[in-house]
Amino acid sequence: MPMPRAARKRTRVARPDFSLSVQYASGAGELPNRAQIRRWVAAALEQPAEITVRIVDAEEAQALNQDYRDKTYVPNVLTFEYGEIGHDESGRGVLGGDVVICAPVVEREAREQNKSPKHHYAHLTIHGVLHLQGYDHIDPAEAEIMESREIAILKQFHLPNPYLS
């Protein structure tokens, strides 16, 4: 027999301390607000961090992709990992990095995939933060680990699996 809702004890998962800067460099319509981005970042973090999430237009995303990855296309998300940039009061390493999300690509992909832009922003923010922590998806085994983690985090927000059509 399930425990009555009122009798259930809520346990909070300890989230690492982090500082977050959110920058809007896009005139797109349905951008997530700072509080939403903060919740998504917090859910994906496994260690202390200093992160900037920057939402940009296609020109900036393409220029960054060209300059730093030698690729000419406009990406949906880019992650710039700076590694450990210091230590917190308890001696734990603090990660540094930037997550750059391209608003026009998010909007286009959301339409093509029949999902809300908010859901896609959540997924790409989480995806980028996981990259900051060393997750990757080049190797199929690593991709499975990363995608499973993304799905679990999105589920916390009652968002669907982004890998299902």
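A contact here means heavy atoms within 4.5 Å. This is a predicted model, in which local features need pLDDT of at least 70 and side-chain atom pairs count only at pLDDT 80 or more, while totals for chains, interfaces and linings use all residues. Residues are numbered from 1 along each chain as its sequence is written, and side-chain values use heavy atoms, with hydrogens and water left out.

**First stop: Ser26**

Select Ser26, in the loop between strand 1 (18-25) and helix 1 (34-44). Helices (H or I, at least four residues) and strands (E, at least two) are DSSP runs, numbered from the N terminus. Is Ser26 buried or exposed? Ser26 is buried, with a relative accessible area of 14%; buried means under 20%, exposed over 50% and partly exposed in between, with a 1.4 Å probe and protein chains only.

Now show what surrounds Ser26. Leaving out residues up to four places away in sequence, Ser26 touches Leu31, Ile55, Val56, Asp57 and Ala103. With Asp57, the side chain of Ser26 makes a polar contact of 2.6 Å. Such a contact is a pair of N or O atoms within 3.5 Å; within protein, one must be able to donate a hydrogen and the other to accept it, and residues adjacent in sequence count only if both atoms are side-chain atoms. Next, pick the backbone nitrogen of Ala28: a polar atom of the Ser26 side chain lies 3.1 Å from it.

**Second stop: strand 2**

Select residues 49-56, which form strand 2. Six of its eight residues are buried, so strand 2 is largely enclosed by the rest of the structure. Which way do its partners run? Strand 1 runs parallel to strand 2, joined by eight bridges, and strand 4 (residues 93-102) is also parallel to strand 2, again with eight bridges. Strands pair if DSSP finds at least two bridges between them.

Click on Ile51 to see both sides: Ile51 is the bridge partner of Leu20, and Ile51 stands opposite Gly97 in strand 4.

**Last stop: the whole protein**

Zoom out and colour by secondary structure. There are five helices and four strands, in the order β-α-β-α-β-β-α-α-α from the N terminus on. The C-alpha atoms fill a box of roughly 55 × 40 × 35 Å along the principal axes. Colour by burial to finish: buried residues make up 40% of the 165 residues.
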